[in-house]
Structures are given as C-alpha cells and as structure tokens.
Amino acid sequence: MSGTRPEGDTVERYTRPTRWFHAGVYAGVLVLLATGWWLLLGHEGRPSLLARLFHMPDTTLHKDVGWALTALVVMGLVAGIRAVRTFVIESLRFRRSDARWFLRWPAAVVTGRFVRHGGHFDPGQRVANILLTAGLLVLVGSGVGLVTLHGGPAFAVLARVHKWATYFSTVLIAGHVLVASGILPGYRGVWRSMHLGGRLDAKVAGRLWPGWLERVRNDRRDPP
C-alpha cells in the first residue's frame, strides 16, 4: 500500500500497483456517477456525452462499467490481500488524541498546522475511508441486485437503496476530490502521492503524516 524508498526531498507514499488500482476505481466510479446522475435526472433516451463517446445507451454503459468495477475490486481484494489488511487495520485504528486533530482541522486546512498523529492515515482520512468504502460497497451491491432481479418488492427496495447510496457517495467523493486535489492550502501538493509517479515532497508528507514519514525514514536507516 505504501512505498518505503525516500529519495532526496521526496518520498513514495503509495506503490505503483496501489496507484493504478486507485486510478481504475476512480475512473469507473466517475463514469458511474456521471451516467447514474444523468439517468436519475430523467434523461434516459437522451444520450449523454459519455454515451455518444462509447456508442452505447447510458443504461448499458452504466451497467457494463458497474460490472467492470466489480471485477476490478474483486481482483484487487485477491491480489492485494496484504494491502487490504493494512488498509482496514489503519482505517479502523483510532486514538483519544485524534479528537484534538478534528478540533484543529478546520483551521489547519488553511494554515497547514495539523495536529501530530502517528497513523498511516490521518484521522479524517480514516473516517473518509470507512464511509467511502461502505458507500461504494452498497452502490455496487445494490447495482448487482438491480441487474440480476427483474421487478418485485426486492427490486423496488434495492432501487431506493441505490439512489440514496448515490446521493451519499457523491457528497463523499466530492469532498475527497476537493482535499486530494491540493486546492486547499493545508493540502497543497498532496495530489502527487497518487499521480505522476507517486513521489511526494517530504515536507508535505511530514505536514500531513508525520508519524508515517518517520517510520519510513527509520526503515531506510535500519534495513532488515
């Protein structure tokens, strides 16, 4: 999940397989959100830009990308079981001191003066990881149910669940994109951890994940 090869003033936060998996997931999710909202707003029968680009109806594109995303997630779980285990453990690891991080977070978004923490993810990321994962699992699960069922009470329930999961996930993904893009002053430069080779400025890493950066540097000094 994370790299351990600091070089000069940069550090690898995520390995190449993790970055490619992340890219595949968010590409699939963005297509699903775009086509899903298009259909939700009542435009079925009017091809969206994506539908015209791929030469297929939005319903078909939505379904096919949904299956592709499901397959990608399953393959990622199987091939990256150790990374998944680390992700789950680190996302569920909370400490009492995290309360201070949340209290100082609104100001730190502007100043960059985040409260120190020792986790692989900061406390905000941990909450986002849990909520985003839950939302996407509900979206994929209810979507699979809608494709395999053909009417009936269960179909109606799944349709409502899928719709509300879309609302919930859209808000979370928008927040994730806002933070991960580095537009906010406190998160400036963070986008490099997942893009363009994944090498992040060590000062940015130290600002956001001080405990993790120290472990990476200690591992470099004392190789097994």
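Reader: Is Phe121 buried or exposed in this model?

Author: The model is predicted. Buried means under 20% relative accessible area. Phe121 has 4% relative accessibility, so Phe121 counts as buried.

Reader: How many aromatic pairs does a search of the whole structure find?

Author: Two rings pair if their centres lie within 6.5 Å, and planes over 60 degrees apart count as edge-to-face. The search of the whole structure finds eight aromatic pairs. One of them joins Phe87 and Phe121, with 5.8 Å centre to centre and 75 degrees between the planes, which is edge-to-face.

Reader: Where in the chain do Phe87 and Phe121 lie?

Author: Phe87 belongs to helix α4 (residues 81-91). Phe121 is in the loop between α5 (98-111) and α6 (123-148). The two are 34 residues apart, and their pair links distant parts of the chain. Phe87 counts as partly exposed because its relative accessibility is 25%.

Reader: What are the centre-to-centre distance and the angle between the planes for Trp101 and Phe102?

Author: This aromatic pair has 5.3 Å centre to centre and 85 degrees between the planes, and is edge-to-face. Trp101, at 3% relative accessibility, counts as buried. Phe102 is partly exposed, at a relative accessible area of 36%.

Reader: Which residues do ring pairs link into a cluster?

Author: The cluster consists of Trp101, Phe102, Trp105, Phe114 and Tyr187.

Reader: Which ring does the charged end of Arg126 sit over?

Author: For Arg, the test asks for CZ within 6 Å of the ring centre and within 35 degrees of the ring normal. The charged end of Arg126 sits over the ring of Phe94, 5.7 Å from its centre. Arg13 lies over the face of Trp212, 4.7 Å from the ring centre.

Notes. Residues are numbered from 1 along each chain as its sequence is written. This is a predicted model: local features need pLDDT of at least 70, side-chain atom pairs count only at pLDDT 80 or more; totals for chains, interfaces and linings use all residues. Side-chain values use heavy atoms; hydrogens and water are left out. Rings of Phe, Tyr and Trp (its six-membered ring) pair if their centres lie within 6.5 Å; planes under 30 degrees apart count as stacked, over 60 as edge-to-face and the rest as tilted. Helices (H or I, at least four residues) and strands (E, at least two) are DSSP runs, numbered from the N terminus. Buried means under 20% relative accessible area, exposed over 50%, partly exposed in between (1.4 Å probe, protein chains only).
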